[in-house]
Amino acid sequence: MSTMGRLALADDRGGTLLPRPQRHRQRAAVPLRAVLSRVVVAVVAVAALAACGRPSDLDHQEQVAFARGCTSLIERNMANADPPVRELGGETLDLRDPAGFYAVLERLRGPKTFDFNDPADADRSPKDKLDDPCRPRTPPKSTESTSTTATTTTTAPPGP
Amino acid sequence: MTRRWVDVAVPAGLVTVTAATRLPHLSTPRAFVFDEIYYAPDAASMLRYGVERGGVVHPPGGKWLIAAGIRAFGFTPFGWRFAALVAGCITVVLTYVAARQIVRGVLLPGLAGLAVALDGVSFTTGRVAMLDVFLALFTTAAITFTLAALRHRDNRRAVNRCRLGAALALGLGLTVKWSAAYLLIGVLLAFVLLDARDPAGPRQGRRVLATVLSLTVLPAAVYALAYVPWVVNAGKTYQHLHDCQVYGDCSLSLANRIRQLVEDQNRVLEFQRTSKQDRNSNAALAWTWWNQDHPTTMFRKPCLDAYAQAPDDLADRACDGAGTGKVMQIVTVANPVVWFAALAAGLVLAGYAIARRDLTIVFLLVAGVYQWLFWAVNSRHSYSFYIAPLIPAFALWLVYVFAQRGFRWVAPVFATLTVAAFVFYYPIWAGRPLTPDQARAREYWLAY
């Protein structure tokens with residue numbers, strides 16, 4: 001007998017391991033046909049669900065999600081800065097004055113800020129589109145840390 | 001009667017435990033975690049245009065699943081993470097089903113499912129809109145079908161059915177990430193070996209040929225099907241917009257669509273070939289994964305009292321209820337009990353493989369190391385959470401060894417320690433704010 005044959009024919013020997021079922025005598029531990037058909041049905045159902053349109057207010061939801069993502073990025077950028085002051089879009093962000101800080105971000109934010117569906121911008125990844133407008137700069141004539149934080153990801157995808 | 005009740009109760013219990021531990025705070029943070037910044041917007045683009053926009057480095061299958069969650073619950077953190085939650089629950093149940101192919105009863109298979117449910121890599125990847133949990137789902141399905149075929153090796157019809165299931169699962173896996181191909185090689189070899197045990201003759205040759213064809217053509221067909229929306233909507237792809245704007249080639253003939261698809265695939269291939277290790281502080285070479293000393297910090301935010309004043313439409317709520325001094329982080333690192341016990345079980349299993357020459361044991365070992373070995377010889381940048389598809393196989397290693405005489409006493413000890421480790425590490429897996437001392441206590445051996 002070949003090595004392959006011996007390998008394939010070896011039996012389980014552990015006390016609580018399953019013996020190989022005799023042909024047509026023992027029902028399967030799981031109904032394989034049912035499992036297979038349910039997997040196929042589930043995949044088709046998911047595809048159908050995804051294919052049947054989009055949420056009615058997807059544009060608005062995207063803007064809110066990106067505004068939160070942008071704010072989170074800025075907060076993480078400034079959390080360890082001393083003093084926690086940065087510039088963004090010509091305005092000063094100062095975390096020591098939270099009300100003013102968020103008022104500036106509200107002002108800076110607008111429908112155009114997070115337009116992720118502009119065809120002219122299609123070559124840029126979502127990460128770049130979020131990072132670029134959400135990367136505050138250290139104010140000029142300042143001596144504080146100049147480190148910045150971008151979104152943490154694996155790596156930027158390549159261009160075309 | 002009792003058997004039937006147990007057959008339902010154990011999987012239901014596993015789903016309940018998995019969902020109950022992963023569902024709380026699923027929407028936190030309300031910001032993109034790690035590569036969610038790519039996949040969630042890509043999924044939204046697919047709902048909008050039928051294709052992704054911008055640079056794409058993975059096939060569309062996983063992103064379609066994320067899109068289904070967004071379709072159901074909107075472009076919210078819950079919506080884009082929902083599919084991962086469901087995939088994680090199914091993976092746990094599949095691990096249970098796979099374990100039932102190799103050990104008796106339901107307790108040890110239940111323990112296998114529990115080990116996956118309470119592992120840190122499975123837990124964290126099962127709560128973010130990334131692709132690894134979907135890859136784990138489909139590779140675990142392929143492993144399950146292969147183990148079932150090995151168990152029912154004398155029943156040709158059952159083997160054929162399992163081969164079909166494995167081929168479809170691997171095809172779906174390929175539509176998520178190309179690395180599913182690594183497992184395909186192992187599954188193909190297992191089925192060819194099953195064919196080889198039959199008496200030699202023309203029928204044996206036909207069986208081997210049928211196996212090779214079904215495990216190559218079918219996955220390829222499933223992969224091609226996943227790109228049908230791409231070809232249909234080629235006019236909205238970046239590839240087409242670029243060609244149209246730059247080269248004036250705005251043709252939408254079928255030939256042009258296919259050409260642009262081939263270019264897209266080449267672009268993905270180029271990324272996989274040229275993306276090297278030095279770009280990201282979270283990257284970890286595969287040979288360093290064994291002790292988990294370079295886990296991936298997917299999200300980290302030092303908390304400040306000021307964040308409480310953020311208006312709702314700007315607040316990420318990462319630090320909800322936590323003031324200045326605490327830190328919120330999501331770290332993808334394995335449950336140490338599951339991880340190191342599995343490594344030890346792997347050594348025992350290797351000994352059994354040599355002593356018993358059992359194809360099931362050999363396949364179990366392959367299923368647990370394929371992703372690791374291929375990444376170890378690949379210079380492309382890699383991350384320790386790439387082991388997500390291996391965790392179910394590790395759980396199978398564990399219960400196979402626990403089922404042996406001399407190791408049965410270990411199972412209850414393992415279960416207890418796994419739960420204890422889960423409770424301890426839960427805050428850094430689920431992103432619950434901790435004090436610096438609490439966070440330091442959870443730092444992992446040589447890590448950081």
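Predicted model: local features only at pLDDT ≥ 70, side-chain atom pairs only at ≥ 80, totals over all residues.
Me: Which residues of H7(B) and H16(B) meet?

Reply: H7(B) contributes B:Ile143, B:Thr146, B:Leu147 and B:Leu150, while H16(B) contributes B:Leu359, B:Thr360, B:Phe363 and B:Ala367. By class, this contact of H7(B) with H16(B) has six nonpolar, two polar and no charged residues.

Me: How are two packed helices described?

Reply: One gives the angle between their axes and the distance between the axes. For helix H15 (residues 336-356) of chain B and helix H18 (residues 410-430) of chain B, the angle is about 140 degrees and the axes are 8 Å apart. H15(B) is therefore oblique to H18(B). On the H15(B) side the contact is formed by B:Pro336, B:Val337, B:Val338 and B:Ala341, and on the H18(B) side by B:Phe414, B:Leu417, B:Thr418 and B:Ala421. Seven of these residues are nonpolar, one is polar and none is charged.

Me: Which members of the largest nonpolar core touch the most other members?

Reply: In soluble globular proteins, nonpolar side chains tend to be buried together. Here the largest nonpolar core holds 173 residues, and B:Ala112, B:Leu396, B:Trp397, B:Leu398 and B:Val399 touch the most other members. Helix H4 (residues 77-100) of chain B gives the most to this core, with 16 residues.

Me: What does B:Trp397 touch, not counting residues up to four places away in sequence?

Reply: B:Trp397 touches B:Ala342, B:Ala345, B:Gly346, B:Leu349, B:Leu364 and B:Gly368.

Methods: Residues numbered from 1 in each chain as written. Chains lettered and ligands numbered in written order. Core = buried A, V, L, I, M, F, W, Y, C linked by C-beta atoms within 7 Å. Buried ≥ 20, exposed ≤ 12 C-beta atoms within 10 Å, placed from the backbone. Helix = DSSP H or I, 4+ residues; strand = E, 2+ residues; numbered from the N terminus. Contact = placed C-beta atoms within 7 Å. Axes fitted to C-alpha atoms, helices over the stretch in contact; angles between N-to-C directions. Parallel < 35°, antiparallel > 145°, perpendicular 65-115°, else oblique. Nonpolar A, V, L, I, M, F, W, Y, C, P; charged D, E, K, R; others polar.
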